Structures are given as structure tokens and as C-alpha cells.
Amino acid sequence: MSLPERSLCAGQVRPDHLGQELILKGWVRRRRDLGSLVFVDLRDREGICQLVFSEDRTPAAFALAKELRPEYVIAVRGTVRPRGEKDVNPHMETGSVEVEVSELEVLAEAETPPFAVEDEALVSEEMRLAYRYLDLRRPFQNARIVARHRLAQRTRSHLSERGFIEIETPFLTKSTPEGARDFLVPSRLRQGSFYALPQSPQLFKQLCMVAGFDRYFQVVRCFRDEDLRADRQLEFTQIDIEMSFPTEEAIMALAEGLVAALFEEAGLAPPPSIPRLTYAEAMERYGCDKPDTRFGLELGTVSEIARETGFGVFKGALEACGCVRGLAVPGMAGISRKQIDELNGIVKPFGGKGVVSLMRRDGALAGAALKHIGEGPAAAMLEAVEAKEGDLGLFVADGYDTACACLSALRLHFAGALGLVEKGRHDLLWVHRFPMFEWSPEEARWMARHHPFTMPREEHWPLLESDPGKVEALAYDLVLDGNEIGGGSIRIHRGDVQRKVFKALGFSEEQAQEKFGFLLDAFRFGTPPHGGIAFGFDRLVMLLLGCDSIRDVIPFPKTTSGLCLMTGSPGTVEAKQLDELGIAIKEK
């Protein structure tokens, strides 16, 4: 490069620079040739600045400018001047000025890109991810990554100001038998042994409390070998926080303060208060432990009314110790039979067998099952879910968890279809008092609902051996607009309680010692009570920036099938590498 260091970014040129000679460098967004004048939009991370090349004043630079193409990388020397009154662009921060170029240098030529590097370009996600580096040049995508950086920096400064220190924990650690599948890393030096990439720094941050650091945090990468969705990736970032001697109230207050700071950083007003629901209340009212509370459509239970009907669908569910639950959808009494059939399709992925519909329209009851239920019980069921004239009542008869899941899905479906969410509104909610365990039919044993290091409520310790299903945990989740953004708990800090939890999970003493002996050993040397919370940073950024997928706020994400379309990973490796690791590939 013959031109020296740039003076500032193209998007930073302002009227304050009028008359100054500047050196700018960046990409050609577009070129407009007007005969004796050539106008070029120069783009960089900070924005766009208009360049002017004059045939009369600078013929050499003008001649070279006529050859410029989109995405060429150039450097220019020029003088800032005001635009003509009619040429001012009020939609650009640099829109009142331009740079008259005296010297131009082409730093790199570019082929025609596979899509226009413009915000408004319509591009398939597959194409965007295959050429992610071009996609990230688009100003709105670039701005998302910059905003992510600012949110991460605000997190670090907020926690540091409150006495937390950032401590890095290992990426190569030991596989644990609970939670999602681990990514395994073979050891070359100890063939046959494997590291695991951490799903969370959980045990290490607890050991930081044992070590006396008192307040720890980390903005950390984590890894889970699980199926992907719009809000989930194989590798992700979380804000990990732990503190010694806390109460639940102290951790919740800390989390609320951090979230308020991040709302502010994103240019949003945080909700004035954050209500709390127990897990049981959330399930009863919304059918979900991460409910979207920006709209109503609350659920009701009509099991006792349904028991009187003799209707086979209700009878079968109730005899199997299930329930009948429902909700009212306002103004949908005119729903068609085809639409009802589509609702059956919504509940089937959640284990539902179908939906029973009743409605009040034109002063009368209606519904395909009305003749089986009877007008009296049907009217009582609609009243129980607060369905009024013109409303649709939807009912599901099944096990409690299945009925809740089905109705929660229907609730979200109608919220979107009817536009029930106020634009720009955000609701935060704490859900706490979770069950400590959940039964796994596949494993035929109790599993930890959060993780096995969560402290059970002290009054429930006797139930760990006699009735684990009734044990509640000192755990809490923070929910934003129906998305879990953070979860945490008070941790177990006593070896005897931790061993009882391991036993309830079906671990023998030998298995517990083999997997978690280092933690149990640490508990012998004076462990302070401790607890914390972790936020899914990618998901939080997605919600604060109003994006539809976490892939929009991750620089180089994977597809829903776990592929990197840009690099082609995962890929094969040479036989020599496998030999060094003592690994053989088993053919399917």
C-alpha cells in the first residue's frame, strides 16, 4: 500500500471534518458514472461515505474509478466537502458530506459476489451461511455482531463493578453421565481415554467457590451434542455466574440488575417489575414452565365436569389418572372443520391424540362432540375456561404433562395467528420451586431436572430416599417473552446431601466416586454455601435485537443439521490421524 494509515472509518466522516484531507479505506458498495463525474459509495464497519471523482481535477484517479466494481477494496486520499442542498441524504449519518478524491489505490479486486451485499437482498439461508463472510459485510448483519460485542462488554463491566472476577475454566474435561450428550475428544497421549468438551463449567465454578474466590463469572463457550433448533447450537456462549453465601433473593436481584443493564445497552426499556410463579402455578395457568405472559389465554381444568359426561375420550383419560384441561380462544367460534383438523396436527408432536372443540355462536352451543358431552356439561366446561359468546373452547384429555404441553402449543399458535402480542412489548418472569427430579421411562430411573448438584429444599431432604418425585429444588429460571434466558440454583455444598442425591439418581457409591470423586473430596475441606445462574447469551442477544434465530447473532453458526456450509465441517480425517489416536471407524 502506498497510502499511509487511514485517518478514520468511512462511516465516521462528519461535517466537523469539512476542509480536512482524509485517507479512507474500505469496500466499494456501488459506482455511479455520470460522464465527467464518478460517484462511489465506500463502505466499512462504521457505515458508508460518498466519494467523488472528477475528470477535470484528478484525471488519473477518475480513470481508475471508472474501472471499480462492487466489493473492490480501495484506499483513497481526498478532501471533505459539503454536498449540494438537493443532494443531502437524511437517512445516512454521512449524508451531508462527501469526499472529493485526489488519489485512488485498488488494494484488492473482487469477483461478482453470489448475492448483493445489501441489507435488502433476498438470499436463502443456505447461501448466506455458505458465504457467511459476505453476509456479515451487509450493514445490518455487521451491526448485530457489533451489538453482541457491546452486550458482552457491558456484562463484563457490570459484574466486575460488583466484585466478580472472570476466571477461565478448562475446555478439556471429564465426561459426565447426566444431561445432553458430550462431545468427546480422544487423547493421543493416553489412547483409549477421552476428554469431553464442557456442556457447562458447572463443577469448576463450584470448585472456584471452594477455592475462596467468592464471586466468579465467565463469558464462556459450551458444547452439547444435541439436536438443533432455531434457538440452539452445538456450541454456544453463556454468561456463567457463581457466588458464595448467597440467598435465592440475592442471586435473583443480581440477575435482574444485569438484565436491566443489557436492556439499556440494547436501547430497550426493561420491564418495571418481574413477577414470580412457582413451577406448579406456571403449569396450571400456562401449561409450560417458560410461559409467554405478554398475552392471556390461560388454561383451566375441567376434569370433574368431564367425569359426569360419560364421553369415551374423557372417560379413558380420567380412568388412566389423567385430566381434562382447556382454554378459550376469543372470537374463534366460527372456526372451520378443516381448521380444527389442523389443530389436531399441532398437538400430535406433543403426544396428544386430538383436540375436542366446543363453541358459543349465535346464542347456541356447537361442536362435533356436543352430542356426546351434552349441553349442560358443555356449557359448564366453556364457563370454566371463561369462554364467552363467539369464543372457541379447546379441550385435551390426557396425562397432565401431555395435556399441558398440547394446550401450551395451541396457546402459542393462536397468539401468533390472532396477533395477541403487543409489538415492542417484553415480559420477564421468574419461575421457581421446580421439581428436583423427573422420571425417565427410557432409563427407568429418576433424572435430575436441572442438574444433580442442585440443592433440594431442606424440608424435603427426608424424601430423597422415600419419594424423590415430591422433592423440590432450590432452582429458578428467568423467562423472557416465553424463552428461558437464564437458569440457576443454590448448589449442594455438603457431601452427605450430594451422596443422597446421587443415590436417588441410581448411582452406586463406586459410580459416584468414579465420576465425581474430585467434587466429593473437595466438600471435605470446608465448602461455603454457594449458588449462581447462567444465561444463554446467544438467545438473550437474539431476543434483545429482535432476531428470529440465534444464527443471526452468531458470527459463524452451524445449520440445524450441525453443518458448517462455509468450511464443510464436520469432515473426514486421514487414516494417519486416526492411527495416532488409536481409533478405528466402524462401518455402518
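Select Thr278 first: across from it, in β17, stands His432. Strands here are DSSP E runs of at least two residues, helices are H or I runs of at least four, and both are numbered from the N terminus. This is a predicted model, where local features need pLDDT of at least 70 and side-chain atom pairs count only at pLDDT 80 or more, while totals for chains, interfaces and linings use all residues. Residues are numbered from 1 along each chain as its sequence is written, and side-chain values use heavy atoms, leaving out hydrogens and water.

Now widen the selection to β11 and β17 (residues 428–432), which run parallel and are joined by three bridges. Two strands count as paired if DSSP finds at least two bridges between them. Show the whole open sheet next: eight strands with mixed pairing, in the order β6-β9-β10-β22-β21-β20-β17-β11. β6 (165–166) and β11 (276–278) each have a single partner strand, so one side of each has no neighbour in the sheet.

Next, pick Ile241. Along with Ile485 and Phe535, Ile241 has the most contacts inside the largest nonpolar core, a set of 71 residues. Such a core joins buried Ala, Val, Leu, Ile, Met, Phe, Trp, Tyr and Cys residues through side-chain atoms within 4.5 Å; buried means under 20% relative accessible area, exposed over 50%, and partly exposed in between (1.4 Å probe, protein chains only). Colour helix α6 (residues 248–265) too, as the largest share of this core, eight residues, comes from there. Leaving aside residues up to four places away in sequence, Ile241 touches Leu159, Phe164, Lys205 and Phe535, among others; contact means heavy atoms within 4.5 Å.

Lys205 leads you to helix α5 (residues 202–210), where the buried residues include Gln202, Leu203, Lys205 and Met209. Which elements cover them? Among them are β9 (215–223), β10 (235–244), α16 (509–522) and β22 (530–536). After α5 comes Gly212, with a positive phi near 90 degrees.

- Cys321, between α9 (312–319) and β13 (323–329), has a positive phi near 65 degrees and is exposed, at 75% relative accessible area.
- Asp362, between β14 (356–361) and β15 (364–366), has a positive phi near 55 degrees and is exposed as well, at 77%.
- Pro570, between α17 (537–544) and α18 (575–581), is joined to Ser569 by a cis peptide bond, with omega about 0 degrees.
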